[in-house]
Each structure stands twice: as C-alpha cells, then as structure tokens.
Amino acid sequence: MRAYLLTAALLLVSCDTTPEPRPPPFTRLVYPSGLAFWHPEGGSSTNGYLYVASANFDKCYDSGDVTALDLDALGVRPFGAPFTQTVEEDRGTLITNLGVGTQSYVQIESFAGEMALWAPPGRTPRLFVPARAEGSYLHAIDVAADGVSLSCAQGGTTRDCRADALSLLNVPGASGPFPSAPSPMGVTVERTNPDSRVWVTHSELVGPEESKQESQFQNYLVDIPAADPTLDSLSVDSFLPMSTNGRLVGAAHAAALGGRYVYVSGRNSSSTQLGALPARYILRLVDRTATSRVLESDVEAVYTVREARGVAVVQRPKADDPTVLDPNRERVYLLARGPDTLLVLDVENALADTPTIRVVTSAPLPAGSSEVEVIPRAVGRGNIVAVTGSSSEAVALYDEEVGQLVAQVLVGDQNPSQPAQPFGLAADVRGNAARVFVSTFGDGRVAIIDIPDLDRPQDSRLVARLGTPQKRDPRQGTSVCSTETTP
C-alpha cells in the first residue's frame, strides 16, 4: 500500500507541466530588428528617443518586446557635435545600462520585423511593428509625450500588447486561406498624415492546403487605417492582391510610399505546400487611388538580380528649377541580392496612370543587403544612402554626388562566433548633420553612427553602442538564455 501511495503522488507531481514564465529581459536587447526615432520639435530633448523591437529570434523567452530609450539620459554625445582632433575611442562609447523603467517597455509577439512611426500634428507618435510569430500580427504601440512611456494602442494589458494585437490571419469574411498575410515583415506609413494608411508586406504565399500548383497561390499588401489598426477595421478589402492580370505570384519584402504609388520589393518566397520558391518580381507598384491596379516595373529586364530587400522613395527636384521638389518626379533606392547591389531608379510622371521608370545607376554592396535609409541633403543636391548587410559587419554609405560608396562603418567586433548582422536602420537628420541608428541583430545591440558634416560623409564614425552583447552558444549558434526578469 505504501508503494502505491508513493507512485500516485509522483504521478500527480508529473502532471504539473506548466512552464515557468520567461518574460524577455528589460536590461538588454534580444535580437533587435526594427527601429524608429522621434525628436519632438520645440522640446527640451537634445538627442531624442529611440524605439527598438526585440525579435526573440530563438524563442528564449515568452515574447519579444519594444523598448523606448532616452538618448539624453543614456549619455549619448550631443547631436551634430563635430569630432575633436583628439582621437576618440576607436569602437565608440559602450553603454550597457539602458535605464529602462517600468513604463518604457511592452511585450509583443516574437519575430518582429521592421518598425514604422506615425506622428501627425497634434498627437504623440504611434509605432507599428509586424511580428511573424504564430498568428502573424501587427502591433500598434502608443508613445506618451515624455517620449519613453509606452502603451498598447490595440488593448491588451498594461505591459503586454499581445492579447489584442491584430492578427493578419483571422480575417472577417475570409474564405479558406484567402485572404491572409502569413509572416508579415515590412511596414510603412505616411509619418505626418493624420489620415494615413499602414501598409504591411508578408513573405509567405497563401494557397489551398493541399495544392501544389503555384498558380493557385497569392500574396497581399495589407492596407489598414493608422488611426484604427484593430479588428473592426480589418476586412477582405484590406488585402490587396500583388499578383493580378496573370502575373506570377511572388512574396514581398518591403514597401515605400510615393505620391501615388506604393513601391513593393519582391523576394524569394516560401509556403508549407510549395517550400522555397525564387522571387517572381523585383519591384511592383500599387496604385493608392485604385488599389486593384498593380504595375510591373520590369526592372529585371534591364538589370539581372535574384531578389530584392529594402526600398525607399524620395521626391526629385523640378527639371527647370533644382531648388524646388517636384511631386511628379521620384527617385527609388532598391536593394537587390544576387549580386548585392544598390539600384537607383528615376520615375517620371510619378502621379500619372502610366509612370516611366528607368535604372539610373547601380553600386555593388557588401553581402546580405537588408535595409536602406535615405539621408537627404539640401534640395537640389545628391542624397546619402545608408545600407545594412546582414552578412557583413559594417554599414555602407553611398554618396550620390560621388556616385559610389564613400564609407563602410564597422559596427561589429569581427568575431566569427558573434556576428553583428546589422539589419534595421533609422536616422535623425537636422540641418547639415545626421545620426544613423543600426540594430545589430546578431550581437543584441544598437550602433550609433554620427555624420557631423553631410559634405563629408567619409568622415562618419561609430560613436556609441547600446546594450550588453548577446551571449552565443558557439555549438548551436543560438543565444544563451538568461533568467533576468522584467521591471
């Protein structure tokens, strides 16, 4: 009898398999991906505020998170300060204490992608972050006037924004898998437009569960209002098919907004049914005035590449007055892979039904090109373009006025067992100076690069690295999970 009672007790203990909660640590970043920056006009902040999405890539923790950083409080050097003649620390100031308080941190789903910031006049910013975790979510997070207090715009609990995040799979009125947006990755929004829409890309194809025919699959560009990114605003009409009029179906990576068109880059795709597939387009345009219209750029007919990643769009000056921007003329910066190349395209009649696109130039890039950020000079001058490469340890700077790369700023330690893998970009541009923020996905930090004089981008320098280096297990290539808790 005694043996029986002992066995029963052991069985009862073994049934309690509820795992211990593992919230992400607030003291460091975990596979940082998307970035956004805000410097409120007329405020007391010198350096502004940085927002970082942690992707929780190897699922060490229960979730990812978004963290707000006060760059003044962290002791980052003043924006635009010239470099002194004294040789500063070669690898930048190391800032390991992020000073994150209880209000400066919210949980989101894992596998965060890009981040976009919406800040129309009269309100504080809202952050948008897609996450590729099960359920494929778009998170919306509000920023308070102090720049560091975060709250869940879609509901949720005080610090956990997962409960009411917008799933892009559970679509009211959907028929089977159509429409849906598995593995959302890219996001863009008109920063100051109070009526802006949020545009989201996704990297997986959608199709019937048993189908092996590529023609039966689809990919979408998701379109929802920035002011109400909730289930109430989501419908089948929010999903814009990217493969229309007999075009091959292909996945999208990133999107950028022109005056009339959304420029969408195409990448290699995947699905459970078909496995991995090559890219079916490099750049397509979606007409914002009639979203069923999708235009093919045919870039691949002029320049042969395997796939595309980041994309950015700016207005060009008038042909007869280089001091005035012309909304009907645009320039597109497109990152290609295979080979890794920065493609520069000019768009004439950018507001018309039939815009004209031509490849202006190209520049070779370090391996693994990922994200692009345009650093504008004064109207009429060439821009500086910052590019990350996930297979490199540096951020490349392309100067249009020179027509080539003028700097490659090292942001990693060149340690093979701890690759930096620079990914996300954000920029602070004021006057003739700029600051570039870079998420180094592999080592769990954010690098800060200063360009005090936009006339001399070759003098850019790494000035700080934020966060504690992410420990890696060299046998598995994953991070070492810690037991730190949230505030």
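Buried means under 20% relative accessible area, exposed over 50%, and partly exposed in between (1.4 Å probe, protein chains only). This is a predicted model: local features need pLDDT of at least 70, side-chain atom pairs count only at pLDDT 80 or more, and totals for chains, interfaces and linings use all residues. Residues are numbered from 1 along each chain as its sequence is written, and side-chain values use heavy atoms, without hydrogens or water.

Q: Is valine 406 buried, partly exposed or exposed?
A: Valine 406 sits in strand 28, residues 404-410. Strands are DSSP runs (E, at least two residues), numbered from the N terminus. The relative accessibility of valine 406 is 22%. That value makes valine 406 partly exposed.

Q: Which residues is valine 406 in contact with, leaving aside its neighbours within four places in sequence?
A: Contact means heavy atoms within 4.5 Å. By that criterion, the partners of valine 406 beyond four places are Leu397, Asp399, Pro457 and Gln458.

Q: Over which residues does pLDDT stay under 50?
A: pLDDT is the predictor's confidence in each residue, from 0 to 100. The protein chain averages 92. Where pLDDT is low, the predicted coordinates should not be read in detail. The stretch under 50, with zero contacts beyond four places in sequence, is residues 1-14.

Q: What is the radius of gyration of the protein chain?
A: The protein chain has one helix (H or I, at least four residues) and 34 strands. The globule rule, 2.2 Å times the number of residues to the power 0.38, gives 23 Å for 487 residues. The chain is close to that, so it is as compact as a globular protein of that length. Taken over C-alpha atoms, its radius of gyration is 23 Å.
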